[in-house]
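Visitor: I have a model open and would like to learn how to read it. Could you walk me through a few features?
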Amino acid sequence: FAVAGRDRRALAELPYADRRVAHVDDPATLAAAFANARAVLSCVPAAISEPVLAAALAAGAHYIDASADQAAIHALYERHESTARKAGKIALLGAGVGCALGDLAAGWAAAHIAGDGEPGGATDDIVRAAPIDRLAADRPLDEIAVSYVFDDLVLSPAGQRAVFAGMRAHHLAWRRDRWERCAPAAETRRINAGLAMGGERDVASFPGGEVISLPRHIASRSVQTFASTARGKVAQTALRLAARALPLVPRAAELLAAYEPGAAEYARTRFAIVAQARRGFDAAQVIVRGADPYATSARVAAWCARSPAARAAGPVGMRAATELFRPHPERVALAGIA
């Protein structure tokens with residue numbers, strides 16, 4: 001294991017023997033940092049992740065990206081699909097609570113309706129050894145919705161800036177076999193994430209990475225992502241209105257005075273991911289619950305980086321989480337990332 005970063009003094013404070021200085025705008029340092037690597041796990045901001053992806057593939061390493069930024073995921077899929085495939089390596093984007101867990105939950109809900117044709121035993125390897133066919137290709141689902149519900153949400157400074165910046169970007173939703181632009185918080189729905197998360201509550205549309213990843217392996221007429229950070233209907237409505245107003249505020253992300261939370265504050269955050277799939281009168285729902293999204297994302301991303309590096313063979317190219325891993329809960333628990 002090696003850790004790379006741009007600040008030599010900060011690296012010296014980390015408890016690892018192998019530290020490598022690298023800059024995203026310096027290909028030579030990236031190439032040196034990634035030499036002999038089997039997998040590269042990137043935690044850099046989404047806006048500057050493209051050079052890291054290119055350098056990892058050029059070094060012959062799998063690329064795992066923890067960012068769940070919708071615009072970045074869409075752009076990287078468009079620009080580097082063939083590069084990853086020709087390199088014979090995996091490029092997995094959104095490898096954390098955002099995107100990866102939502103993709104797996106939606107994959108399991110959709111398979112419950114359409115059938116995935118796979119053995120269901122818990123002893124099956126969670127890591128896929130061969131590519132899969134697109135689910136429901138002969139009879140598409142009507143809808144997939146993935147909702148993120150948070151209680152006591154605490155964001156890192158980078159997360160705070162990303163939320164403000166994301167509200168100014170164009171949001172995408174999957175409709176009628178294409179991605180369409182939509183306004184922030186333009187749609188709402190009522191979901192139930194369970195009593196522990198306050199029962200029924202409103203969620204508003206937001207630009208989730210699953211909108212990009214799910215249509216790759218599931219045929220559905222609609223894919224949309226939603227979020228809620230407040231239990232009360234009035235508070236959620238206020239947040240939705242604020243989200244719709246943010247694009248009108250120039251340089252909102254730059255003007256934000258980011259707050260630096262402590263570890264105990266991160267740990268208080270509770271979350272639920274509600275994945276819903278529907279075709280006609282058939283419907284399925286999968287709920288994933290957890291705490292501390294940052295610590296959970298770290299575990300998920302680390303596991304996602306180790307898995308392709310250890311496998312003998314399997315799918316390559318730009319892949320969604322369900323294309324690489326079987327999304328049944330018994331297998332996820334066995335993998336140690338539950």
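Guide: We will look at a helix pair, the cysteines and one threonine. Keep in mind that this is a predicted model.

Visitor: How do I read a helix pair, and what are the angle and the axis distance for α3 and α4?

Guide: Two packed helices are described by the angle between their axes and by the distance between those axes. Here helix α3 (residues 50-58) packs with helix α4 (residues 70-87) at an angle of about 10°, and the axes are 10 Å apart. Angles under 35 degrees count as roughly parallel, so α3 and α4 are roughly parallel to each other.

Visitor: Which residues make the contact?

Guide: From α3 come E50, L53, A54 and L57, while α4 supplies L76, R79, H80, T83, A84 and A87. By type, the residues of this contact are 6 nonpolar, 2 polar and 2 charged.

Visitor: How many disulfides are there?

Guide: A disulfide is a pair of cysteine sulfur atoms within 2.5 Å, and by this rule the count is 0.

Visitor: Are C43 and C99 buried or exposed?

Guide: Buried means under 20% relative accessible area, and exposed means over 50%. C43 has 64%, so C43 is exposed; C99 has 3%, so C99 is buried.

Visitor: And what surrounds T225?

Guide: T225 sits in strand β11 (residues 222-228) and is buried, with a relative accessible area of 0%. Its side chain reaches the backbone oxygen of F206 at 2.6 Å. A polar atom of the T225 side chain also lies 2.8 Å from the backbone nitrogen of G208. Beyond its neighbours within four places in sequence, T225 has contacts that include V146, A204, P207 and V211.

Key
Residues are numbered from 1 along each chain as its sequence is written. This is a predicted model: local features need pLDDT of at least 70, side-chain atom pairs count only at pLDDT 80 or more; totals for chains, interfaces and linings use all residues. Side-chain values use heavy atoms; hydrogens and water are left out. Axes are lines fitted to C-alpha atoms, for helices over the stretch in contact, and angles run from 0 to 180 degrees between N-to-C directions. Helices (H or I, at least four residues) and strands (E, at least two) are DSSP runs, numbered from the N terminus. Angles under 35 degrees count as roughly parallel, over 145 as roughly antiparallel, 65 to 115 as roughly perpendicular and the rest as oblique. Contact means heavy atoms within 4.5 Å. Ala, Val, Leu, Ile, Met, Phe, Trp, Tyr, Cys and Pro count as nonpolar, Asp, Glu, Lys and Arg as charged, and the others, Gly among them, as polar. Buried means under 20% relative accessible area, exposed over 50%, partly exposed in between (1.4 Å probe, protein chains only). A polar contact is a pair of N or O atoms within 3.5 Å; within protein, one must be able to donate a hydrogen and the other to accept it, and residues adjacent in sequence count only if both atoms are side-chain atoms.
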